[in-house]
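Hi,

Here is the structure I promised to pass on. Have a look at it first, and my notes follow below.

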Amino acid sequence: LERRARRPWRTAETFIPVTTSALGGICVGQVTKHLGGIAKGFAIVGGLVLTGIAQGLQQEGGLEARHVLGLVLVVACTWIHTTFPPPKAKAKSA
C-alpha cells in the first residue's frame, strides 16, 4: 500500500483504464474520419445496447426497470440526433 501511495500511476489499476480509454478515443476518431458522424452515432447506440445486455447477464436479477428505461431513452435520443441533426447556424456577414 505504501508503494502505491508514492507511485499510483504505475499500477495496473491505473494503466489499464487509461490505456483502453485512449485506444477507444483513437478508434472513435478513426470511425468518424473514415465513416462519418452517422456511423459513429450508430456505433454509440450499438455499444450502449451491448453494455446493457452484458450488465443484465452479469447481474442475477437482470437490469432494473429504470436502467432499461434509461437505455431506451439514450438510444432513442442518440438515434434521433444522429438521423436528424440540428440545422447549422448561418454565418453572419460583417
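**What I found**

Let's start with Thr78, which sits in helix H4 (helices are DSSP runs of H or I with at least four residues, strands are runs of E with at least two, and both are numbered from the N terminus). Before going further: this is a predicted model, so local features need pLDDT of at least 70 and side-chain atom pairs count only at pLDDT 80 or more, while totals for chains, interfaces and linings use all residues. Residues are numbered from 1 along each chain as its sequence is written, and side-chain values use heavy atoms, with hydrogens and water left out.

Is Thr78 buried or exposed? Its relative accessibility is 19%, so Thr78 counts as buried (buried means under 20% relative accessible area, exposed over 50%, and partly exposed in between, with a 1.4 Å probe and protein chains only). Setting aside neighbours within four places in sequence, Thr78 touches Gly41, Ile44 and Val45 (contact means heavy atoms within 4.5 Å).

Of those, Ile44 belongs to helix H3 and is partly exposed, at 40% relative accessible area. Ile44 and Val75 are 31 residues apart along the chain, yet their C-alpha atoms are separated by 8.5 Å.

**The overall layout**

The protein has 4 helices and 0 strands, giving the pattern α-α-α-α along the sequence. Of its 94 residues, 9% count as buried.

H3 covers residues 37-58, and its 22 residues should span 32 Å at 1.5 Å a residue; the end C-alpha atoms are 31 Å apart, which agrees (the expected span is 1.5 Å times one less than the number of residues). Which residues of H3 are buried? They are Gly41, Val45, Gly52 and Gly56. Looking down the axis of H3, the buried residues fall within an arc of 45°, so they line one face of the helix (the arc is that of the directions from the helix axis to the C-beta atoms). Over on the other side of H3, Leu50, Leu57 and Gln58 are exposed.

What covers the buried residues of H3 includes helix H4 (65-83). Two packed helices are described by the angle between their axes and the distance between the axes. For H3 and H4, the axes come within 9 Å and cross at roughly 170° (axes are lines fitted to C-alpha atoms, for helices over the stretch in contact, and angles run from 0 to 180 degrees between N-to-C directions). H3 and H4 are therefore roughly antiparallel to each other (under 35 degrees counts as roughly parallel, over 145 as roughly antiparallel, 65 to 115 as roughly perpendicular and the rest as oblique). On the H3 side the contacts include Gly41, Leu48 and Gly52, and on the H4 side they include Leu71, Val74 and Thr82.

Helix H2 (residues 12-35) has 24 residues and reaches 33 Å from its first C-alpha to its last, close to the 34 Å expected. Just after H2, Gly36 takes a positive phi of about 100°. The axes of H2 and H3 come within 7 Å and cross at roughly 140°, which makes H2 oblique to H3. Here Val28, Val31, Thr32 and Leu35 in H2 meet Gly37, Ala39 and Lys40 in H3.
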